[in-house]
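Hi,

Here is the structure I said I would pass on.

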Amino acid sequence: MFADDDPRLSQLLDGIVRLASGDLQSRIEVSPARDELDAIIMGTNLLAEDLQIIYEELEQRVEVRTQLLHEAHREMKKMAMQDPLTGLANRSALLAALKSAQDHDGDALSQPVILLLDLDAFKSINDTLGHSAGDQVLVTVGQRIRRAVRTNDVVARLGGDEFAIVMPATGADQAAVVGQRILAAIKEPIDLPDRTVRCGASVGLSVGASGRRAEDLLMEADVAMYASKAEGLNRLHVFEPGLLLIRKLRSQLLEDLRTAIKGEGLVLHYQPVIELGTGRIEGVEALVRWDHPTRGRIMPDEFIPLAEDAGLISELGLWVLSTAVGQLRRWIDAGLVDSRFSVRINISATDLQSLQFIEDVRAVLKQTGVRPEQVVLELTEAAIVRGNELDRYSLGGLRGLGVGIEIDDFGTGYSSISYLRRLPVDRVKVDRSLIEGLGTDPSQPALVAAVLQLVRACGLEAVWEGVETADQAEHLRNLGCLSAQGYFFSKPVPPEQIPGLLAETLSESNKRLID
């Protein structure tokens, strides 16, 4: 063995203490004796080397894992502040940028500005072409906005088809110029895989200042944006305090509309559709009106866009469907109309996107006992032509129920033989613009005849709307047109006036037969 007074024992003890304290680079000197004590010293050194290697590998792993965690944290932070579809900033990032811009605002001519933008035709594109096409439109719009602004401006997508831009140290006049540049860029055609679409936008502008809440400025820009929509498509409006009152009135009107749909206030008027050859009323079109308790009669062009924006259009449509078919049932029970009489009901593109709508129609027919062919559903030409697979499925389901389907506003920009022959429709309602010149424009009868020939070549018939004069009615009759409606025959009237009109037209028809 070895002597108790061997100095190597103290060296070994000191070395072990250093290793235990974490000094893994410490080594114990080996003597020339190379005896058993030196063997213990060499083993201790080898253990220290192994520990040092393990520690260095562990440090390296910790460094790599720490770096990965930092990268993941940065990516999560980026995702939390970025819109996943467009790659633009999101609402949180926008509000942070707006707050930062307010904290560093300058004089009155170079304050931060926020622009809020909402696409004017996006809902139609999304409903008729599908969400994939809608996503592509949103990405393209985001890219165009980004190119139209400065590099230090923050562009965000707030959700849906809403975008916003924070422009630090800008001022209203300069921002308005940029806003017009954005509108011009968005208005350009957007190429999709199988077609080209256009969509304008409405822009609201609000000027910020230190001490203002970022959320309040965003709300003001939103109010200004809705004012732009009210003025027409592709407009920019600067916020002014008076708009807050308009916003409040609009919110109140929306609540009143919700109440009217669930309770009382909505009424239907009916405009007769005339059989030109006999003068017989072959059916009526149901048109909704709103008798507001304080504002009086409100027409559809004011409250239907409100219902669409608020997501109430399907609920409103179901009320119209149930009420109109129920009224037809009462006329049938009273012996006023026969099985040839029909009621026409306008439905929206949103209805076609809901599988529940087919069941709603089925339920109304079952509840009232009205024959399906006496109910005609009218859809705009754009909604049918640009429909997606779900729309076509819904149309097929409705045809399976036996109801009639009619294209409304035919001739307003989409008409073609190819799509007319493919669509599951019975009739088209020709837009009033195509007969305005009848009786005054010598070339108009030839155009009407050509349209009629086109429609009949596709195995369909046409209803001519907007007839306002006897000359127009006579020209249509002479050209062989079968049906028409318009103020010349009758304005839309309350249901209680329909029996009188039916009796009047029956009397005139009998008189014509006698003559």
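**Helix pairs, then two residues**

Val-141, Arg-144, Ile-145 and Ala-148 in helix H5 meet Val-178, Arg-181, Ile-182, Ala-185 and Ile-186 in helix H6, where a contact means heavy atoms within 4.5 Å. Before I go on: this is a predicted model, in which local features need pLDDT of at least 70 and side-chain atom pairs count only at pLDDT 80 or more, while totals for chains, interfaces and linings use all residues. Residues are numbered from 1 along each chain as its sequence is written, and side-chain values use heavy atoms, with hydrogens and water left out.

Back to that pair. H5 covers residues 131-148 and H6 covers 172-187; they pack at an angle of about 145 degrees, with their axes 9 Å apart. Axes here are lines fitted to C-alpha atoms, for helices over the stretch in contact, and angles run from 0 to 180 degrees between N-to-C directions.

Next come H10 (residues 313-333) and H12 (residues 356-368), which pack at about 25 degrees with 10 Å between their axes. H10 and H12 are therefore roughly parallel (angles under 35 degrees; over 145 is roughly antiparallel, 65 to 115 roughly perpendicular and the rest oblique). H10 also passes H12 in a right-handed crossing. On the H10 side the contacts come from Leu-318, Leu-321, Ser-322, Val-325, Gly-326 and Arg-329, and they meet Asp-360, Val-361, Val-364 and Thr-368 in H12.

How do H8 (residues 242-262) and H9 (residues 300-309) pack, in angle and in distance between axes? The angle is about 85 degrees and the axes are 10 Å apart, which means H8 is roughly perpendicular to H9. Arg-250, Leu-253, Leu-254 and Leu-257 in H8 meet a set in H9 that includes Phe-303 and Leu-306.

Leu-276 sits in the loop between strands E8 (266-275) and E9 (281-292). Leu-276 is buried, at 2% relative accessible area (buried is under 20%, exposed over 50%, partly exposed in between, with a 1.4 Å probe and protein chains only). Its C-alpha is 5.3 Å from that of Ser-483, though 207 residues separate Leu-276 and Ser-483 in sequence. Beyond four places in sequence, the contacts of Leu-276 include Ala-473, Leu-476, Cys-481, Ser-483 and Phe-489.

Arg-427 belongs to strand E14 (residues 427-430) and is partly exposed, at 22%. Its C-alpha lies 5.4 Å from that of Leu-460, 33 residues away along the chain. Ser-483 turns up again here: Arg-427 touches Ser-483, and also, among others, Glu-282, Arg-344, Glu-406 and Glu-461.

As for cysteines, Cys-481 is buried at 4% and Cys-458 is buried at 14%. How many disulfides are there? The count is 0, taking a disulfide as a pair of cysteine sulfur atoms within 2.5 Å.

Finally, the overall numbers. The protein has 18 helices and 16 strands (DSSP runs numbered from the N terminus: helices H or I of at least four residues, strands E of at least two). Of its 515 residues, 46% count as buried. Among contacts with a separation of 6 or more, 67% are between residues 24 or more positions apart.

Cheers

Key: Left-handed = near helix turned anticlockwise from the far one by under 90°.
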